[in-house]
Amino acid sequence: AMVSWKGMYFALALFLGSFFGSIFMLGPFLPLMFISPAWYRWITDCIVATWLTLPVALLEMVCGAKVVVTGDGFVPGERSVIIMNHRTRMDWMFLWNCLLRYSYLRLEKICLKSSLKSIPGFGMSLNPLIGKESMLKLCPSQFITC
């Protein structure tokens, strides 16, 4: 199989950006977590949202991806629920392309299926993100289940 140099550059740039970004952009604010958790959360949300422009830029400029958004539009300031079926492993990155253009990337919150808890190691690290059932219990009239 032929190796895609664009794909290798994409993966390397994402890895190095996340590794060094965690150390040099998020690391200095760790003490703030103990002093003012609300400020720490707000600052890290802004930093992560800024970092999320990197995968969007790499997808479009390096890999040449074109994202076409159809359906209901996002209304700025209005809350939205996006349910994804995960047709690919890259669908999060395509969601970031959409959110960067039509909404607020900083305000994205992720909720995953509870069945992911059973994956050794990986599932334990995702515990804060997992809670589809708890969300359904809190506001069942807001969600349509199949």
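Student: Which residues touch the most other members of the largest nonpolar core?
Tutor: In the largest nonpolar core, which has 13 residues, those are Phe-10, Leu-14, Leu-58, Leu-59, Met-93, Trp-96 and Leu-105. A nonpolar core here is a set of buried Ala, Val, Leu, Ile, Met, Phe, Trp, Tyr and Cys residues joined through side-chain atoms within 4.5 Å. Buried means under 20% relative accessible area, exposed means over 50%, and partly exposed is in between (1.4 Å probe, protein chains only).

Student: Which helices supply at least two residues each?
Tutor: H1, helix H4 (53-62) and helix H5 (91-102) each do that. The largest share, 4 residues, comes from H5. In soluble globular proteins, nonpolar side chains tend to be buried together.

Student: Is this an experimental or a predicted model, and how are residues numbered?
Tutor: This is a predicted model, where local features need pLDDT of at least 70, side-chain atom pairs count only at pLDDT 80 or more, and totals for chains, interfaces and linings use all residues. Residues are numbered from 1 along each chain as its sequence is written, and side-chain values use heavy atoms, with hydrogens and water left out.

Student: Back to Leu-58, what does it touch?
Tutor: Leaving aside residues up to four places away in sequence, Leu-58 touches Tyr-9, Phe-10, Ala-13, Leu-14 and Cys-63. Contact means heavy atoms within 4.5 Å.

Student: How many helices and strands does the protein have?
Tutor: There are 7 helices and 0 strands. Both are DSSP runs numbered from the N terminus: helices are H or I with at least four residues, strands are E with at least two.

Student: And how much of the protein is buried?
Tutor: Buried residues make up 22% of the 146 residues. Among contacts with a separation of 6 or more, 53% are between residues 24 or more positions apart.

Student: What about the surface, how much of it belongs to carbon and sulfur atoms?
Tutor: The accessible surface comes to about 11300 Å², and 67% of that belongs to carbon and sulfur atoms. Accessible areas come from the Shrake-Rupley method with a 1.4 Å probe, and for residues only the protein chains shown count as cover.

Student: Which residues form the nonpolar patch with about 700 Å² of accessible area?
Tutor: That patch on the surface is formed by Leu-12, Phe-15, Leu-16, Phe-19, Phe-20, Ile-23 and Phe-24. Patches are made of residues with over 30% relative accessible area and no salt bridge; like charges are joined within 9 Å, and nonpolar side chains (Val, Leu, Ile, Met, Phe, Trp, Tyr) within 5 Å.

Student: Switching topic, what salt bridge does Arg-41 form?
Tutor: Arg-41 pairs with Asp-45, and their closest N and O atoms are 3.2 Å apart. A salt bridge is a side-chain nitrogen of Lys or Arg within 4 Å of a carboxyl oxygen of Asp or Glu. The count is 1 salt bridge. Both residues lie in helix H3, 4 residues apart, about one turn of the helix.
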